[in-house]
Amino acid sequence: MILTFTLVGIVLIGVLGFVGRRKPVADLAEWTVGGRRFGALTMWFLQAGEVFTTFTFLGMAGLAFSGGVAAMYALPYVPIAYVVLFFLAKRLWTMGKDRGYLTQGDFLEDRYSSRALGTLSAVLGVVFVLPYLQLQITGLGLIVRLVTGDNASGTLSMVTGSVLIVAFVLWAGLRGVAATSYFKDGIMLVALVVLIIAVPTHFAGGIPAVFHKIEQLHPEKLIVHSGANDHVWFVTSMLVSAIGVGLMTLPHSWPALMSARDPKVLRRNYAWMPVYEMCLLLPMVIGFAAILVVPKGSDPNGVLLSLSKDALPGWVTGVVVVAATATAMVPAAGILIGISSLVARNIVRVRSGRKQFWINHGTVVLASTLALVLGIFRPDLLANLLLLTYSGSVQLAPANLLGFLKRMPVGKGPVLAGLVAGELVVIWLTFVDTHFAGTVNVGLIGLGVNVVVLALAALVVRRQTSPVEAA
């Protein structure tokens, strides 16, 4: 029954994606940013829904199960980032409309008059989010495998989901993602509300009872203590995440912002989105309930679905599984648009708009196929690269921030130097000297080096050019 529910849900998401297309897509701008005509409601689900991925739905419960209140680091960074975006959105949207930006690479290339910076930022963007794409595809298989115990069913779900994602993304572009976002957030909220009532009641007698029992049996889960998820990890991870989201360093967030009808839509939504993001608490509570009943050392990603099977009828668990698959498929579609647009616009450079369009579509097929194949045969191959998704992408924050200013204080040289230095530090601390940073988020250390190198390089350039200017 659950497998049937899941496959029907996957097909339904694909159908909704196809319905999102209103007319033939004329060019890459229409495909990538929906012609910049999305209103407040569509933008709400398109942008707010970016936060609710497979990691949020399953991973937040798992992090609460394994790390206790350390999982709460995810609550403050989104509202902080949206406060920043409330003030930046008008400036960024206006520049994008006037200058024709579709990608982060377009923005950086134009603002710094540097093709090299545009290409480098695009390459980094693809490298950093490709593992995130594989995470969503692999999540499809994990979800079904957890509830059916059948590896073949998990593989079937991954293949079916990937084919439908590619099909509706090629057909409808960002409009397909927007259409599926309505369904994804709707069914996800229904599933979370059912779970937040049923699971604590079934296993402990209610939400208050869950925390009373944890206080008696596992009090260490209610404080941020020493270890892998200590205070330093909590604060630095929150800062890196807030900077990354607030300064638009993840490439797949650009098409969504640029698709707005006007900046008023963006500012209105950013004022209220922090309230919506409080829904992150719901899967965390499920994770706390799991502390009481799931054996220590169990796979944390499976605790939400495991408790769902025990507390709910089979068909209701099927609805929860459909919600979980939606949190994998819809973000995967958005990531594909971000990756393919970077490749077509900023990496493989052709003058013909038609050729650019075909390169874009070819990248969608190639990237999704790569993610699917690796998800089936080598699911851990990109696992280490996933560590770089946020700590690596946040190194673009100084370049973006300076680019938002009306008057550019530095040129491309210092920005490139800082970016390269920051990325090298992150790579070194992630793969070579893994103990140097301790529990400090390596992205923050890299960002510090990035800013220092940028400032020193800018000072050197200024001193070299000042005699010429004086003459």
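Which helix is Ala64 found in? Ala64 is found in helix H4. Helices here are DSSP runs (H or I, at least four residues), numbered from the N terminus. This is a predicted model, in which local features need pLDDT of at least 70, side-chain atom pairs count only at pLDDT 80 or more, and totals for chains, interfaces and linings use all residues. Residues are numbered from 1 along each chain as its sequence is written, and side-chain values use heavy atoms, with hydrogens and water left out.

Stay with Ala64. Its relative accessible area is 0%, so Ala64 is buried. Buried means under 20% relative accessible area, with a 1.4 Å probe and protein chains only. Beyond residues up to four places away in sequence, Ala64 touches Ala71, Met284, Gly287, Phe288 and Ile291. Contact means heavy atoms within 4.5 Å. Leu170 is 106 residues from Ala64 in sequence, and their C-alpha atoms are 37 Å apart.

Now go to helix H15, residues 303-311. Its buried residues are Val303, Leu304, Leu305, Leu307, Ser308 and Ala311. They pack against H4 (54-67), H7, H9 (174-203), H14 (281-293) and H16. Take Ser308 from this helix. Ser308 counts as buried because its relative accessibility is 0%. Leaving aside neighbours within four places in sequence, Ser308 is in contact with Leu195, Thr317 and Val320.

Another serine sits in helix H7, residues 115-148. This is Ser121. With a relative accessible area of 1%, Ser121 is buried. Setting aside neighbours within four places in sequence, its contacts are Gly105, Leu108 and Leu396. Ser121 and Leu396 lie 275 residues apart along the chain, yet 7.5 Å separates their C-alpha atoms.

Next comes a helix pair. Two packed helices are described by the angle between their axes and the distance between the axes. Helix H5 (residues 74-99) packs with helix H13 (residues 263-276) at about 180°, and their axes are 9 Å apart. Axes are lines fitted to C-alpha atoms over the stretch in contact, and angles run from 0 to 180 degrees between N-to-C directions. H5 and H13 are therefore roughly antiparallel, a term for angles over 145 degrees. From H5, the residues that meet H13 include Tyr82, Phe86 and Trp93. Those of H13 include Leu266, Tyr270 and Met273. By class, this contact has 13 nonpolar, no polar and 2 charged residues. Ala, Val, Leu, Ile, Met, Phe, Trp, Tyr, Cys and Pro count as nonpolar, Asp, Glu, Lys and Arg as charged, and the others, Gly among them, as polar.

On a 1 Å grid over the protein atoms alone, a cavity is a set of points where a 1.4 Å probe fits but cannot get out; a pocket is an open set with protein on both sides within 12 Å along at least five of seven lines; lining residues have an atom within 4 Å of a point. The structure holds 2 cavities of 30 Å³ or more. The second largest cavity has a volume of about 30 Å³, the space filled by probe spheres set on the points, which are joined across faces, edges and corners. H16 gives the most to its lining, with 3 residues. That lining divides into 5 nonpolar, 4 polar and no charged residues.

The second largest pocket holds about 220 Å³ of space. Among its lining residues are Phe65, His218, Ile291 and Pro300. By class, the lining has 4 nonpolar, 4 polar and 3 charged residues.

Key
Helix = DSSP H or I, 4+ residues; strand = E, 2+ residues; numbered from the N terminus. Buried < 20%, exposed > 50% of the residue type's maximum accessible area, 1.4 Å probe, protein only. Parallel < 35°, antiparallel > 145°, perpendicular 65-115°, else oblique.
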